[in-house]
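Visitor: I am new to this structure and would like to go through it with you. Could you put it on the screen?
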Amino acid sequence: MTIDRQTLRWNGWGLVTQENPYPDGAAQWIFIREALGMKELPSTPAKRFTDISLPKSRLDEQAISRLKEICGNNQVRDDDYERAFHARGKSYHDLLYVRAGKLEVAPDAVVYPRSPEEVEQVMAFCLKHNVALVPFGGGSSVVGGVTAESGSLERAVITLDMTLMNRVLKIDKKSMTATVQAGIYGPQLEKALQEHGVTLGHYPQSFQFSTLGGWIAARGAGQQSNRYGKAEKWLVAAKLVTPKGVWQTEDYPASAAGPNMNQIVAGSEGTLGVICEATVKIHEVPKAKDYRGYLFKDFKSGARAARAINHADVPVAMVRLSDAPETYFFQAAGSSGGGGLKAKLQAAYLRMKGLDAPCLMLVGLEGDKETVAYARQRTAAIAQKHGATAIGASAGRKWFHGRFDGPHIRDPLMDRGIGVDTLETSTHWANILPLHEKVSAAITKAMAENVPETGQRGIVMGHISHSYPDGASLYFTYIFPRKLEDEAGQWLAIKRAASDAILEGGGTISHHHGVGIDHAPWLAEEKGAQGMAALAALKKEFDPEGVLNPGKLLG
């Protein structure tokens, strides 16, 4: 079973039937308008599908017929909806083009293979006819990772939608591994695994609409990565179809036979081969879960506590620390408005505790009951030592219930002239506070220099999203009034300022979103000349004709 593309928004996030979290008249609109300094919120709806046009396909009838011979008539699509749906990913930058109906970049056909053998034959077709091939899972990339770039105007491009390759092939409960086809969506994967009492435990915010292969290709991270690991940690082995044939990586639990080739697969972003199958580490479904909140007087105190939890080797699933702007914004934007007695009493209590601008930490624990109880006691003690006020499990339950809802807010914001984007990085603990301050300041300045009208402003907020003994990831969200006459230029100015600040401040250009097109200009500075030469050599070896995912990773 897979998701019918017609049930999904081709120019936004989620299902067509998704309820608008901010309907007209919602109290949140007043708060957002005032926070951004906007006198009014313009109506900026996306273009209707019936009003857009796509360029003529560069694949002739003979080419389409050959592809249908390989995969079947229903698995080769060149209709406008399929081509539009697969034109780009789901970044803010992508949606600026898609919502405006600017689909000059679109695949000439979409092919749905059902086996590695069909992928091999499609690959051979592309090599024979010099056609670009873009691997596509859920299409949830937010860095331009699945844009249907062909590499040249004359070259056709096929998007290879992997979502019919969605079976769990093997579960080994002795070794605690599972071998799974790469096109499986997150919910389908977890349902199949949990029927056997096991879990991968990988729950990114895109979980409902992203696939196993995409997680590996981008070196993704789930929200509970403290317990279950990032993709490169839980990947055991992979089977790829490359332009030079099938490549099966080693599957040993450990080996000193040179570099581990799985680490080349993770983060390869479809540029070296098409991930068809993967063997991954699995865990028993946790018997207990506990998510609860703590308030700190400032981000510095919370970061110290997060570091202490990691250094104490407490078995946590998640430690998430929001800065003061994020804590305030999401509390205010998530409320229904009004200043009732309960809200006033809560504000008075926080002021009494010295928490005028508090920072919220959410701690998630998963495992057997004894381990969770121990970890709850240890994390509470560490938080208290660093001045936290415990606020109980209700904040944790609220977050857990809505942990996949964030992307649904973007579409209604864009319908009202508001832009919202995210970016992330990671750095060492000693650099967390300086980098958080530097990137926040750079985004704030860039937004101020690129607002449509005097008096308008943007909001930047951040949080520690994933943490390790030696450092953590910083995740930033920024909201701003859109400059409707130059939306792409506005986005690029902010993106450049933030990315420059990240590299200058000692952070990586991406912790878990990947490189794609958007981050490629900054990759060389991070990897160095020798690193880039090594990546280029890998590309030349695996894909000498450059047919796979042109323009990604190496630019």
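Visitor: Is R9 buried, partly exposed or exposed?
Guide: Please note that this is a predicted model. R9 is partly exposed, because its relative accessible area is 22%.

Visitor: Which residue forms a salt bridge with R9?
Guide: The partner is D411, and the closest N and O atoms of the two are 3.4 Å apart. R9 sits in the segment before α1 (27-36) and D411 in helix α16 (residues 410-414), so the pair links parts of the chain 402 residues apart. D411 counts as buried, because its relative accessibility is 5%.

Visitor: And which residue pairs with R416?
Guide: R416 forms a salt bridge with D24, with 3.5 Å between the closest N and O atoms. D24 lies in the segment before α1, while R416 is in the loop between α16 and β16 (418-428). D24 counts as exposed, at 68% relative accessibility.

Visitor: How many salt bridges does the count come to?
Guide: The count is 21 salt bridges. R77, D79 and E82 are joined in a network of them.

Visitor: Changing topic, which residues of the largest nonpolar core touch the most other members?
Guide: They are M361, I443, I464 and Y478, in a core of 49 residues. Helix α17 (residues 432-448) contributes the most to this core, with 7 residues.

Visitor: What about the second largest pocket: how much space lies in it?
Guide: It holds about 750 Å³. Its lining has 35 residues, and R219, E232, A266, G267 and K527 lie nearest the centre.

Visitor: Which element gives the most to that lining?
Guide: That is α19, with 8 residues. By class, the lining of this pocket comprises 13 nonpolar, 14 polar and 8 charged residues.

Terms used: Residues are numbered from 1 along each chain as its sequence is written. This is a predicted model: local features need pLDDT of at least 70, side-chain atom pairs count only at pLDDT 80 or more; totals for chains, interfaces and linings use all residues. Side-chain values use heavy atoms; hydrogens and water are left out. A nonpolar core is a set of buried Ala, Val, Leu, Ile, Met, Phe, Trp, Tyr and Cys residues joined through side-chain atoms within 4.5 Å. Buried means under 20% relative accessible area, exposed over 50%, partly exposed in between (1.4 Å probe, protein chains only). Helices (H or I, at least four residues) and strands (E, at least two) are DSSP runs, numbered from the N terminus. On a 1 Å grid over the protein atoms alone, a cavity is a set of points where a 1.4 Å probe fits but cannot get out, and a pocket is an open set with protein on both sides within 12 Å along at least five of seven lines; lining residues have an atom within 4 Å of a point. Grid points are joined across faces, edges and corners, and a volume is the space filled by probe spheres set on the points. Ala, Val, Leu, Ile, Met, Phe, Trp, Tyr, Cys and Pro count as nonpolar, Asp, Glu, Lys and Arg as charged, and the others, Gly among them, as polar. A salt bridge is a side-chain nitrogen of Lys or Arg within 4 Å of a carboxyl oxygen of Asp or Glu.
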